[in-house]
Each structure stands twice: as C-alpha cells, then as structure tokens.
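Subject: Structure handover

Hello,

Here is the structure I said I would pass on. My notes follow below it.

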4 protein chains.
Amino acid sequence: MNIAIIGATGYSGAELLRFLRNHPHVRRCYLYSSSQEGIHLSESFAHVGEIEDAVLQKIDVEQIANECEVVFFATPPGVSSTLAPAFIDQGVKVIDLSGDFRLKDGAVYETWYKRQAASDHYLQQAVYGLTEWNKPNIQEARLLSNPGCYPTATLLGLAPLVKEQLIEENSIIVDAKSGVSGAGRKASLNTHFSEVNENVKIYKVNSHQHIPEIEQMLQTWNERIQPITFSTHLIPMTRGIMATIYAKAKQPLSVDMLVDLYKTSYKDSIFVRIRKPGQFPSTKEVYGSNYCDIGVAYDERTGRITVVSVIDNLVKGAAGQAIQNFNVMMGWNEESGLTYMPIYP
Amino acid sequence: MNIAIIGATGYSGAELLRFLRNHPHVRRCYLYSSSQEGIHLSESFAHVGEIEDAVLQKIDVEQIANECEVVFFATPPGVSSTLAPAFIDQGVKVIDLSGDFRLKDGAVYETWYKRQAASDHYLQQAVYGLTEWNKPNIQEARLLSNPGCYPTATLLGLAPLVKEQLIEENSIIVDAKSGVSGAGRKASLNTHFSEVNENVKIYKVNSHQHIPEIEQMLQTWNERIQPITFSTHLIPMTRGIMATIYAKAKQPLSVDMLVDLYKTSYKDSIFVRIRKPGQFPSTKEVYGSNYCDIGVAYDERTGRITVVSVIDNLVKGAAGQAIQNFNVMMGWNEESGLTYMPIYP
Amino acid sequence: MNIAIIGATGYSGAELLRFLRNHPHVRRCYLYSSSQEGIHLSESFAHVGEIEDAVLQKIDVEQIANECEVVFFATPPGVSSTLAPAFIDQGVKVIDLSGDFRLKDGAVYETWYKRQAASDHYLQQAVYGLTEWNKPNIQEARLLSNPGCYPTATLLGLAPLVKEQLIEENSIIVDAKSGVSGAGRKASLNTHFSEVNENVKIYKVNSHQHIPEIEQMLQTWNERIQPITFSTHLIPMTRGIMATIYAKAKQPLSVDMLVDLYKTSYKDSIFVRIRKPGQFPSTKEVYGSNYCDIGVAYDERTGRITVVSVIDNLVKGAAGQAIQNFNVMMGWNEESGLTYMPIYP
Amino acid sequence: MNIAIIGATGYSGAELLRFLRNHPHVRRCYLYSSSQEGIHLSESFAHVGEIEDAVLQKIDVEQIANECEVVFFATPPGVSSTLAPAFIDQGVKVIDLSGDFRLKDGAVYETWYKRQAASDHYLQQAVYGLTEWNKPNIQEARLLSNPGCYPTATLLGLAPLVKEQLIEENSIIVDAKSGVSGAGRKASLNTHFSEVNENVKIYKVNSHQHIPEIEQMLQTWNERIQPITFSTHLIPMTRGIMATIYAKAKQPLSVDMLVDLYKTSYKDSIFVRIRKPGQFPSTKEVYGSNYCDIGVAYDERTGRITVVSVIDNLVKGAAGQAIQNFNVMMGWNEESGLTYMPIYP
C-alpha cells in the first residue's frame, strides 16, 4: 500500500516517516509540504539523508488520490479542515493528527482554537482515535481524528476510574508536563533554548485547547463528569509527557484494588503498561516508543487517587497512535510497524 | 561578626558561603566538615579557588563557640539534632537548614523521617523561619529552623488563601517540580545524569517528609485545614522549584481580586513578587536569587484557584532564606548580603 | 539462533537487547549478570517491562555454551579477558564490547588500562571489529573485539586521509566530545546531574585508554603515523560523540576533492554518510541509529583539514557495531536488525 | 555617575544591568532600546520585575549625552559603528560590546562580517579591552572595544605561550565550545530547543568572524604568528565557553614549568585563575562570574601543549569584562561591582 504524509517537515511528519518506512504493509510513502515543496527532505531534516530522501511535492488532491490509499495529515490547525474533505469524498481514507476534527461541536472548536471549525458534516463522521477505547468505530473509520498528546496521556490515565464511576465527578485535576517538541518546529522566544533550558514554565492556564477534547471523551464515558482543572508545564527536555492526575475517591479504596482494576482494564492493550503498587513510570521509560505507562496511588489521609501517565508525545501522543489506528482501520495487527522498544537511556 | 558553616561541602553550604562572603556584617566564615576535614575547600569545590580557600576544620564545639556568634548547619538529617544543643547552651545562635527542628512533635518527625527526633526541649524553642510570616518570633530566636525548599514555595503560595479562609479546607493539592540539586551532592542512580536528563520522574508520592511541615504551618494559620495532597517531581534541571497549587474557592472570585489580595499580603515583603493577572513566573526568573515569585489564576468553569509559586531551591529554599533570617535575628536590613538580581538567562 | 548477553544491566547491554530482540535471525536472548543475578531485568530497567522481562541468570559457561551460539560481553574491563577464553575453547563465538582484546600488545594494555592484560594467545586471535575496514577478517572471527566509541568515530573519520597518505603523519589532533552515557551506569560525582548539567568538562587529557587503540589501527594503515593528540570532553547530553579532527594536508587540496574521496571510500558502507561540501553533521542526526555521519572541510589559510565525525556512542560506538559485526560473522545482510532511522528530534 | 545601556533587551544588556545596578560608583542606569522602546523592561525580562523596571527609552544622543558619562553598547553588529561617533564627539565615553570596533582594518571587518565597517578615524582610536593585557591603553580610552567571547577565552589562554615564543607559530588550533546564549535572544531554528538539546553542532568552520580578532592580537604579541585553525561548537547549555587550545612546543617542556609561567603571567590578574598541574577547569566553575580559569598540559609523546580556558560568555566574555574595563577607564578598583563568586552548581 502507498500512503501520503502531508506536512512532512514537522516533527510529527518525521516520526510518521520513521515508523512507516519500516511498516510491513507500506510500500511507499509520498511526502508533501505546502511550505517547502520542491526541496529534498534531507535539506530540512539531515537525519534522513541517504535513507529516505524524496523531493517534497506540492499538495495535489487528484494526484494523491490516484497514488495513495491513505493520507496522514501532520499539519497545523486549519489545514486538514480545508483539505481533508476532498480526499474523503474521493474514497481516500484520512488520518488527521491535527485538532481539526476532534471536537464534535464546531462552536466549541471555535471558542478554544480561535479559528473556523471544519464543516459539521465531516465533524460528525470523524472517529476519535483513542485506540484502546474506541476500536470498533476505528475499524470502520474513513476520517480518523487522532487524539492530542495531552488527551492521550490523560484519558488513558482516567478511563478506568471514570468508567467505573469511582471518583467524584467534580474532582479531576490534571497537572501535565511536556517536553518542548510538542510546540512543533517553528522557532519562537517560547522555545528558544536559552529561555527554556534550566527552566519550568506553566502556560495556557485553564485555557489549553485540549481541555474540551478531554472533557468530551470523559463525558462520553460518564455524562456527569464536570469541567476539569488542567494545567500544562513546559519542561526542559525534548520529548515526553507526564500527566499527574488527581481525583477524589467516592469511597475508601486500596492501591492493590486500583492496580488490579487498571491491569484488568488494559489486559488486551499491548501498548499500555501498568506499574506495580508503589512504582511509577518516568517519561524516559517510553522514549521513542508507542507505550503509555501508568502508575496509581491511593492516599488514605486524603482519600485521593493519584494517577501518573506517561507517553512520548510524538509517538503515542501523535505519529505512533496514528499508525496504531491505521493498523486497526486496515485490519492488521495493532503492533505492525510499532515494535520498537523504548530507547534508554 | 564571625560565623561558622557546618557542612561546607554540600550545595547549601556552598551557597551560604557565596552570600555570606559578601555580607556587609560578616567578617569571617569558618568552615567545618565532618566528612572532609583537613582538605582545602577548593579541593571539593573548584569554583571557590583563590576566592575563599580555607581548610575545612573538624567540628569542635568549644572552639567554634569561642570564635563564632552564629552557627549555620547545612547538614543531612540527624546531625544538627545531635550537635546544635551544645551551641545553644553556650549562647551561640544556631540557624539550622536541615529538617531536624522543623516539626514540633517529635513523633511526627519519627514517622516521616524514619529516624530519631531531637529532644523536645529544643524542638519547642526552635523558631520556624518562614521569614515573611514569622518575623516577630524570628527576631527573638536562638535556634532558628529554616524551612524546607518545598514548604517555602508552597506556604508562601498558600498563605493569603488560607489566612483569609477563601478555600475549602480539604481541597489543597500541590504538584511540585524540583531541580536535581535539591537531592544534594551525594551520587546515586536517582541523580545519575543519564537517568535524569530528558526525563521527568515523580517520587515519594504521598510520603515526602515535607508534607507534615507544610500542614503544621497551614494549621497554625487555620486549624481546620485538612491533610493535603502533595507530589514531587524531579525535573532535568539543576536549580529551581515550582509549586503548582490547586484549591477550591469557597465562593466565586475573580483573578483581579486574588492578585490584589496577594499584592497586599506581600506589600512589605521585598523578596516576594506577585505577577499581574494572566502572568505566571517561571523558575529561571528567580535563578540564583532570594525571590519567590507568584502568579494566581481563577477558573470560573471549575471554581478552582491555581497558584504558581517559584523559588531557587538553594537560595530562598535554603541558604538565602537562612541569611534573610540571620538578618532579622540580628536586627539588620532584611536584604543585607542578598541584593542579587536573578541571573538570566 | 540463540545468543547470550553478559552484562545485561549496563547501558550497552540494554542497547544490545533493543536491537537483538527484533533481529530477524535471533530466536532468543539469554541475559546474564554477575552483579544482579536473580532479578527480573525490569527491576533494573523499567523500560523493558512486559516486553522482555527474563530473570537475569548467573554466568555458567557450560550452560551458556549449550544454549547459545554467540556470546556478547557488555562488561567492564577485566571481565571478558577472564571469561571469554572458556567460550572460545568450546567453540562459542564471542563478541566483546569491552576493551580487553583491542590492543595486540598486552604491555600496552597494562600501561593504559592499569590492569592485567588478557593472555597473548587470545589477544592475537582477536579480530578488531571496525566493520567498514576489516570485513574479510571479521567474517572469519571467533573472538571479535568491538571498537571503542571514540576510536570508531575517530578512525572512520581519519581512514581515507591516512590510507591515501594525504596528511602529515605527525599532525593529527582529535578533539572529542561525548555524552555522559559513555561513562556507564555506575553513579559517581563525575556523572552526578547537578555537576554535569550546564557544564563542559575535559577529562583524561593525553591519557585516555582509547589513544593506543586509535594509534594501533592508524599505524596498520600507515606505519609512519606518529602519536596523536587526543582530548575528550564531557557534554551535558546523554548520547552522542563528535570527533573534531584536525590534520595538516601534505599539499594543497580542495573540499570538493576531499568529499569525493570520502564518498568513494565509503560508497559500499551503508552506515557511513558523507555530507556535502560546507555541511557538517550534528550528533542528534544519528541518535539511536548505527550511522556514522562525516563532514569535511579544508582551510586554504592554514592548509589544514577538519573532519567532523559523529556517532551514537551506544550504537555505532557499542551495541550497534557489535551487531553489525555479528551479521558479518554470520554471513547475513550487514543491516539485519539495524534498519532504524535516527530518532529526531 | 550615571550610565546608559543601549540594547537593554538583549542578554548582554541584562547582564550589564545585573552588575551595574550593584556597582558602588554607579548611581543610575538609563536603558535604551531601538526595537522595544516604550515598554517596561520587565515586559521583556520578567526576572527584573520590582527590582529595576524603567521604561525603555528611544535613543536620543543629545539626551543621553546630557545625562550620562558613559554609554555601553550591547547591540548587534552595525549599530555602534553608526551611533558611537556622535557620543565620542560630545565627550561621552563609549564601551562597545559589539564587534564593530575590534578590527583595526576596515577591509578585514568587511570580509568577515559581510557588512560595512566603521570609519577608519574611530577604528584607529578604539582601544581593545582585553583587560589583563592592555591596561595602560584602557586607562586612556575614550572608545573601548570590548573583546568577543571566543577571543577572550582564547587570547587569555594563549598569551603566555605566544609572548614567550614557546610555540611553533603555525601550530595553533583552537577547538571552542559555547553555550547557546552566545547566539543572543533572537529565535531561530538554530537555537530552537528541540534542535539544540541533546546535540552538539559545529558551525562557521574556518569562517567565524572572531578569527581575525584573535589573529590581530596574537600578531601584536608576536608578528610571526600564522593563521590559526579555529572551530566553534554549540553545546546544549545556556552559558559558558571552553576553548581547548593545541600548539606545538618549540622545545621540550614540562607541565610544572608551564603552570609556573601561567601563574607568573597572571599573578596580578585577579580574574584569571590557574589550575595546578593535572587539573583543568570546567565551564560551570566560572558560571555567572568574571573569572577566566585556565589549565595547562604538556604531552611528551607529541610535544604538544594543551591549554583549557573557560569563561562565562556573558560575563568575562561580554558584560563583566566591559565593567572591568569601565573600572580601569575610571581609575577605580578593577573588581568594583564584580565581586561575585561563581554560582555552583
């Protein structure tokens, strides 16, 4: 099968290529870029030199539709909402890594993203690709909306608690920490090395566009879930997200019971690993891989549960989960092309 | 005045020396070490070479008491509880940077620190040196117990809310992030560069020994405060602590009102800086200095307050606050020897 | 085929496992450790949990010889010199990642390593595994001595110049920079995060044990090569080596001519990539992969050549090259199990 | 005395303010910016909030000349060459941190900087401020040209060898490593965190504009010095430069003799510290301070000397040396306002 990557000069695009190049069912990856068409990919990313060095092509829907069965969008907000419909209409499947099709309600998108939403027709048919919890729909998807990095870590960490209704519905607080690659490759003072190194910053307090995405899914699982408190911090590292999640238990629990619940919930999820009681994952333990590692604690003094969920933001938080969804959509083994161990140290 | 630093080969000891050497009221710093007596300080810390290169002396209470008016302990737990009483009894004032005299109840110390507490006689006379909120007692102190790094950031961030009873007493959650220097200079796998770099780790979940210290002070301010949830994360940077604090407002507020409250609360506190509404400090903005910078947010969707409080863990979180307390104890200008701007970038 | 990894709890051992686990010709990896036998590997390395979690076994030569056809040693100096001979004598092939068999002259080993050399019998039969330049011998090897990380980067960078006799034989200066993982996993003050972060250190000036290894190979290529100047610097990063190499051209050259020479020299070397004139590789461009990337410059003002050679010290500088040699020894495709793109960013 | 800082929103400007604010002979610092006039400094640099928060003023020569006796330029190339003459002509002393007045030959400037040189009249009266080696001229200077960061580390490291004619004149190779703050505050892909972190890059091979500055001074000391080889590397840290310098001894030496020479050469230089034989400085040992630390080695195998010279690029490499020169120009104690210990760790 041939596939297309639109937005090949961003970090998620580069990660898609890293995995898809070795994917057992992919013959060829065509690369497209609106900003840098005509150059060799290695002129933008020296690390691909002599491995995969196609010329970046101009985006031409007809041509792509003829050559490729699936199109991956790894583009900034506002691109796929415009371009994806033409592919869908021609029967080409779309996997969109941007946020353009994640929110069912266009008005909510416009409030949080401050830009025009995709048309409702496509918003409604988009399938949210949190693979572990939406497989039946993903199998049928023609337009797959890949989750955001923060929502992936947060939702995988919260799912068992919310679905089992173990926590107070108004008690969820998520304190998230992210490496800088989540901000993309565009240079700015906020990602300037001398400003970020040896520093921790909080940003978008109570206003991150991933908040409605998280709440939408939580409320699918339990409609009584209230608005969450969600904070994001920039950490002086390149990759990795840790979501530290706090919630109040409805009744006294034990950590053993919680760990059992999580292990049961994810027993068929090859990419979710649950730590033993008393152990917690660090972000480096999933570096470069598609794993989401989770640890859980219960504090008897406060009756609160702490969940620690880590991913590589560019893999399980972007390109890796996109390929996991691609595999599910195509009916292949979920792990195809993703059998990479984390790289440590 | 002459002073003594016991534990001069640790990071807090080095910072004490950096500030005290230029302190306008200090003539000479005598340096002591139990582990490395007899060597020149520059053999342990090359950065002091040709500036301050005394030989580290053996700890001799009589000699120190003859030469020095004040003794600073920058030692691991269990040292000052044993050695400080002899100084106090001879009329030498003690400023203890360790946790040995912070908890009034020895049994609580033994539960959280897993070692023997200091004798109750001295625990009771120790004065807790959160300078901004305990000046009258600090002025009279003979045994000053300097706060921990996490408690300093957390308590300065919470004080106005707790004192004004604006928040639900059982709603406090503190998600703290720290640079690695807080772990001291002793090598271990947990502080090994290749394990810490490009990584975020959570540690001591619900079990950090600073928890009772924070709760003790909060309950002094408002006895109805319930146990807090408190998490600590290791960040790949050397210095800096950020405490992100979440609490539920008892009634609807506004961010403007909160910022006003904080500005008023700290209007006489030279080392506490409050950010404008919508702005938050990052740890680098206080690097190397004695400042604690605070930003506040209020989320109408959830009714929760978010407070962001940052310090340099080795300065306001250790050596700097110790000198601030020293100044207050001696009746000098609170800023003496501490008029350093943060070093940026 | 089954293989054994002795020293599975070090960083090179972990990297061997990462690659060998997905190697198309390896059925099973048995893991051995002298220091941590009896534990599950995931107790030492959490990142392998649920992927590969064998119990670390005690080193038993008979048992290993029965189960495995090849043994990889990823051990500190002094281990393989003692243990490898028994395997060789039983017909088990050995690939040694340590320095124990790299120097043909035991006396030179003892001078630079300050410990007892392996017996001469085995030193003489050991084959030096700089894959690109020693393939015929590697194909026949029973005891393969894998090059050091610095020698790999340096020798691949120097080979074309030395073999073609383009440079003054007494003019070679190598200024090498390394990430901290090269120092292994053992905690020490030299690898303590707070000492290494935001710092560059030079170490082992004129005394690094890799110097005789480099000179031995250079003199094999051109016996008139004189002792080299070689410096090593510790950089605040985990992975990567850059060797910046300076040498005086015997006669005026041009950068185009040099780049042509390098491209020709390495035209059949899949893992060596030569940059265009005016371009130079950075360490991150080979991160996690088996590539060695090289850039070359010629300065008309000074008549000096500058060669920049980068590798991932744990891959091409250790585990990756070991597997590349393993492939050559077994007659397989040189790339087997190593078709990983660099991970960027 | 009042002084002016032109270019207060750059990193060197911020460092000037950090030191000058506590300078015993400076009453007030006026701040100017061409790019951000009208804002409060804290809007650009949050770390100065409530300490020094003047409004950035438009550059008005008349007004500045009325208010200030000395003007510091911390501006990009091309600014001071245009603006400084007007101040000089009005009797205001100028200390220029940019490269505009460092090269005596305007044509050389234009070759290496690729822009128009200052007028020859001012180039000739500019005094090069390598404080340790040019004090008599600095005392008389009206236009002080502050050295570049790389030249400062390199020249202080080479001076004793070159002046004593101990090295072959065509043998100098400088391999320099720098933190990222040397690139200034302007965001670009080259200083984007995700591209720089966990990476070492070489840049401007044989073409750095500091090369002619270094050679000009070396040839002042010994006119037979030949063009040098000079390479610059970007290190994933914010501050610090290490120059590793290689040169061939004319005749056999010993490290003891070399260390003695350096100690003698710098015996009156308060800011230069020479390490003992066998010891070398790391960049962190001068962090935030005006020290230049130097270690020296001699290799009997090769007859080469290795000199390791470290500075904080923003202090001794920029703002600190500028103030040191300011002190010399004014006849004050050379250390005034600069008595800061390095901040460690």
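The contact between chain B and chain D takes 38 residues from chain B and 38 residues from chain D, where contact means heavy atoms within 4.5 Å. The two chains bury about 3100 Å² between them, 59% of it on carbon and sulfur atoms; this area is the accessible area (1.4 Å probe) that two parts lose on being put together, summed over both. On the chain B side, His47(B), Met341(B) and Pro345(B) lose the most area to chain D, together 24% of what that side buries.

This is a predicted model, in which local features need pLDDT of at least 70 and side-chain atom pairs count only at pLDDT 80 or more, while totals for chains, interfaces and linings use all residues. Residues are numbered from 1 along each chain as its sequence is written, chains are lettered from A and ligands numbered from 1 in the order in which they are written, and side-chain values use heavy atoms, with hydrogens and water left out.

Chain B superposes on chain D by a rotation of 180° with 0.0 Å of shift along the axis, RMSD 0.0 Å (least squares on the C-alpha atoms of residues with pLDDT of at least 70 in both). That is the relation of a two-fold axis. The same surface serves both copies, as 100% of the contact residues of chain B recur in chain D. Glu198(B) is the residue of chain B that comes closest to the rotation axis, at 4.1 Å (C-alpha).

Next, a strand in chain B. Strand β13 (residues 304–311) of chain B has eight of its eight residues buried, so it is largely enclosed by the rest of the structure. Buried means under 20% relative accessible area (1.4 Å probe, protein chains only); strands are DSSP runs of E, at least two residues, and helices are runs of H or I, at least four, numbered from the N terminus. Arg304(B), Thr306(B), Val308(B) and Val310(B) point one way from β13(B), and Ile305(B), Val307(B), Ser309(B) and Ile311(B) the other way. β13(B) runs antiparallel to strand β10 (residues 241–248) of chain B, with eight bridges joining them, and Lys248(B) has Arg304(B) as its bridge partner. Eight antiparallel bridges also pair β13(B) with strand β12 (residues 292–299) of chain B (pairing needs at least two DSSP bridges), and there Asp293(B) stands opposite Val310(B).

Last, a helix in chain A. In α8(A), 14 of the 15 residues are buried. Just after α8(A), Gln165(A) takes a positive phi of about 55°.

Regards

Note on methods. Buried < 20%, exposed > 50% of the residue type's maximum accessible area, 1.4 Å probe, protein only.
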